[in-house]
Amino acid sequence: MGDMANSTVDFYPKNQRRELNHAGGFGCTLSELRSLMELRGAEAIQKVQEAYTDVSGLCRRLKTSPTEACGNVASGGENEGESEAGWIEGAAILLSVICVVLVTAFNDWSKEKQFRGLQSRIEQEQKFTVIRNGQQVQIPVSELVVGDIAQVKYGDLLPADGVLIQGNDLKIDESSLTGESDHVRKSVDKDPMLLSGTHVMEGSGRMVVTAVGVNSQTGIIFTLLGAGGEEEEKKDKKAPQKKTEQQDGAVENNQNKAKKQDGAVAMEMQPLKSAEGGEMEEREKKKTSVPKKEKSVLQGKLTKLAVQIGKAGLVMSAITVIILVLYFVIETFVIAGRTWLAECTPVYVQYFVKFFIIGVTVLVVAVPEGLPLAVTISLAYSVKKMMKDNNLVRHLDACETMGNATAICSDKTGTLTTNRMTVVQSYMGDTHYKEAPDPSNLTPKTLDLLVHAIAINSAYTTKILPPEKEGGLPRQVGNKTECALLGFVVGLQRDYQPVREQIPEEKLYKVYTFNSVRKSMSTVTCMPDGGYRLFSKGASEIVLKKCTNILNSNGELRSFRPRDRDEMVRKVIEPMACDGLRTICIAYRDFPAGKEPDWDNENDIVIDLTCIAVVGIEDPVRPEVPDAIRKCQRAGITVRMVTGDNINTARAIAAKCGIIQPGEDFLCLEGKEFNRRIRNEKGEIEQERLDKIWPKLRVLARSSPTDKHTLVKGIIDSTIGDQRQVVAVTGDGTNDGPALKKADVGFAMGIAGTDVAKEASDIILTDDNFSSIVKAVMWGRNVYDSISKFLQFQLTVNVVAVIVAFTGACITQDSPLKAVQMLWVNLIMDTFASLALATEPPTEALLLRKPYGRNKPLISRTMMKNILGHAVYQLTIIFTLLFVGEVFFDIDSGRNAPLHSPPSEHYTIIFNTFVMMQLFNEINARKIHGERNVFNGIFGNPIFCSIVLGTFGIQIVIVQFGGKPFSCSPLNTEQWLWCLFVGVGELVWGQVIAAIPTSQLKCLKEAGHGPSKDEITDEEMAEDEEEIDHAERELRRGQILWFRGLNRIQTQIRVVKAFRSSLYGGLEKPDTKTSIHNFMTTPEFLINDYIHNIPLIDDTDVEESECPPRRCFRASPPPSPNKNNNAIDSGIYLSTVVSKTPTSSSSPVSPLHSMETSL
């Protein structure tokens, strides 16, 4: 945000200087405005009246006008770039280490810079509508200045403080400042103060800006936190990830930031909570106030894998050092029988240091420190490229999570459709017009009422402007549905502008703005005779219910009874909806002069309407959407449409998009029906009921924001199926906030989306287009595959290098690969390989497989086969060279060389061959699913080619001119050709490995699984039930053990029972509760295990006819659970009901029988 009328960073000294200037230039000082903005309600009005007579007086003092607003304003302020250079010389090891560190640092720096670029882009993208020189313009928030006249509307996040000049039914959510979740009604005469950081929840209006930047209410709070300086603000924006940790510990410190981000959505959650009971309410509160903590799927798997590899490396290096030391000590002091002489100590110490260096070398090679680097590069590269595909990524891990998405809940308007509405059918004067009607067919009265109803009862900011290019379509500005209606007026050869000029916005008497509850908008105007006229428009089924009259073909009133309405629905509205049209009803009502109605009682006002027309608006499906949805379905992603439209329109659009196909088993539900099916008698949502619906649900129509959130939460929390669902959600409205926040990945619309939606989202679609989501899926899967490619390459090198160093050290007391050489190999492996393999561009082939899911291992069987296969080849070659290489090449042996001997050709050949094999294996590593053509698309990745060639070039330099620092001796052409030949052999060997079917190799283990189910439940338990203390957890364990005990007894009883049934033969069988199993399923003893699925009963219970398998303990919660019992917390309800079948008294009672009954 800019500062007071110019963008300055410094604080008070300048502010005070400026106060004097302002006092000279303006009619009020900074301190006056600051003290004014601290007042609320009646006090504020009183102050405005005392100091400035009214708001227009304040505008005059600020050298602005409520209508013309400011002239052009200039603002400045540039960010200085950062640059660092390091020029360090030193020994070779130091140089390699510096290389690794510098490359890592450079990557981190470039990622940071990209991220900051994204952040500033997001900030610049937040624009605000102001009036300058009498024209409406959209300017970046940072250019707002005091005195600007700003337009505020539903969904805006206010960027500055101001005083309301004119408002229509304006309601503001001030929870981010006050913590109160109730919406505050703003009006010029009651409470005109609008504050920065608050959200407009209803209505629209205009305000004069009185404070920006550090002088606005949000700015003042930042200043108090010591975060008022630009630097601090930048830091806060830069590290949204870091913020999560701080918020746990120091919520107070960061409260304002947290509120700013989450308050927006926390308040949206209100309607959701009321339905789910008090305990859920608390939990939801917790969830909304703390940002997402959980690691992404990939991070979880990688962390686990890195720890495992690290441990293995540490063990190997320790063993290496121990073996070397022992070997040396035994060889020198035991076998040779030497004594430790004081003058020889430095020599011995040098040997021990050499052993220690070898150990460290093994460790360095074993630990894949390139992993985080590869992830970072891959994500940063993807994020940068995704910008070109119209995906602005706000949270880095979102793009990787998107690769695992299994479900997409998409909005309809603007995402699947073009959001360029046009009226294509209409019903007026008892006639159904299938195309635009001829104005001569309509009576002047009907036409006049229609033009007035559309022109006045729509936002005055909505306009139809001439096309930008010759022959283009007229530009639609503002609400698209209203644009369609205005276009309809223009099509009837009428102009709406004169009507608006005749009744300007200030003269509108009362406005009931559109919101998701009303689903209609109404405006009241004063008539010349002192009466009032109300115009209303909205969803046809809602407005028609309020109509009692309709205009006939002569433009006269005719009564409109429920019977007529049903007929109209059947003959007009349903056929329109089946064509995929949105139906809007336009109506009016006249109030006679005299007693003024109570305008606040909306139910008595918007009633007894007269229907003027019903129009069918088409929003054509985007041409690329059907293909994009086909790709999603092929990739194993289910697309669901969640829309506020009626069921017929939604179904028609879904069929056009290909979301539903004829002959498929699918569900299309309306919000009401959906709620009826998923809630129990008490109105609580039950996961079991939801689980029956969501797998088949494809279209949810007439849905409220709560329904969308419920559906998303239900799918995410569901445990049916092999793996947990990963859900992506698209949304554009303020009401989509909760669902976007709840989803694994939230997509907000960049063009049509409100600030609240963008704030709650992870990725912003800059072109509002569904096909961009498919690109996001492709990039997400590509990230995952890039990491796997890198792992496959890295682990091959790790395995080989560790084994070579370890075995070599143990047999020849010296690692064939020296420390510096190892560091160079490490540089190739980690840094360059991560650059080369992580920047592979995605291909369409990625969309031909199913999502990996949360618990699929990172290293598949195929990859494990490749890693071990190539390791075998490389080890064979290296050990052959190590032990018989000197004979083959006819050179001196490098084994058992004295301590400071010069580098040998023998070991140089081993080093060179090793690097050549890695280079060619890097090409093999490009494919991880067993494909044969490893060169496919290699020239599409210039980074990969340049890195492979570059590494080859540097290797030549190291070998020929590296000398002592790199322990290399120059090689001749023949030796080089042999090294290359062995390297190329990697490619041939790769084909051999690809020919071995993975399915035959059952012995291979996979590695890098996601967190196991037990771990997940433990974590979720910890998150969900923080209130359960240790003792209660012990209690729960006790309960589980108790049930297991019951289980065992039950199995034994069943055996005895089987034995007894043969024994009783012809006798009458005793009529008892046949086993504990049935005893529990009858309602005498209901156990409800609906939080943790403790498998209380073995799979062997299938024979029991009375109870379906695994469902026995799943009865619904009792109507009044006993609140004292600890069992309540653990989700196990006990209740007793009167027995159904009395035990037959005549039956012979055996001891076993009585034991059974007592149990």
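**Figure 1. Surroundings of Leu-791 in the predicted model.** Leaving aside neighbours within four places in sequence, Leu-791 is in contact (heavy atoms within 4.5 Å) with Leu-302, Leu-305, Leu-371, Leu-858 and Ile-859. Residues are numbered from 1 along each chain as its sequence is written, and side-chain values use heavy atoms, with hydrogens and water left out. In this predicted model, local features need pLDDT of at least 70 and side-chain atom pairs count only at pLDDT 80 or more, while totals for chains, interfaces and linings use all residues.

**Figure 2. The largest nonpolar core.** A nonpolar core is a set of Ala, Val, Leu, Ile, Met, Phe, Trp, Tyr and Cys residues that are buried (under 20% relative accessible area, 1.4 Å probe, protein chains only) and joined through side-chain atoms within 4.5 Å. This core has 121 residues, and among those that touch the most other members are Leu-791, Ile-859 and Phe-911.

**Figure 3. The largest cavity.** A cavity is a set of points on a 1 Å grid over the protein atoms alone where a 1.4 Å probe fits but cannot get out; lining residues have an atom within 4 Å of a point. The largest cavity holds about 120 Å³ of space. Of its 15 lining residues, the closest to the centre include Asn-866 and Gly-990. Helix H32 (861–889) supplies the largest share of the lining, four residues.

Methods. 1 Å grid on protein atoms, 1.4 Å probe; cavity = no way out; pocket = protein on both sides within 12 Å on 5 of 7 lines; lining within 4 Å. Points joined across faces, edges and corners; volume = space filled by probe spheres on them. Helix = DSSP H or I, 4+ residues; strand = E, 2+ residues; numbered from the N terminus. Buried < 20%, exposed > 50% of the residue type's maximum accessible area, 1.4 Å probe, protein only.
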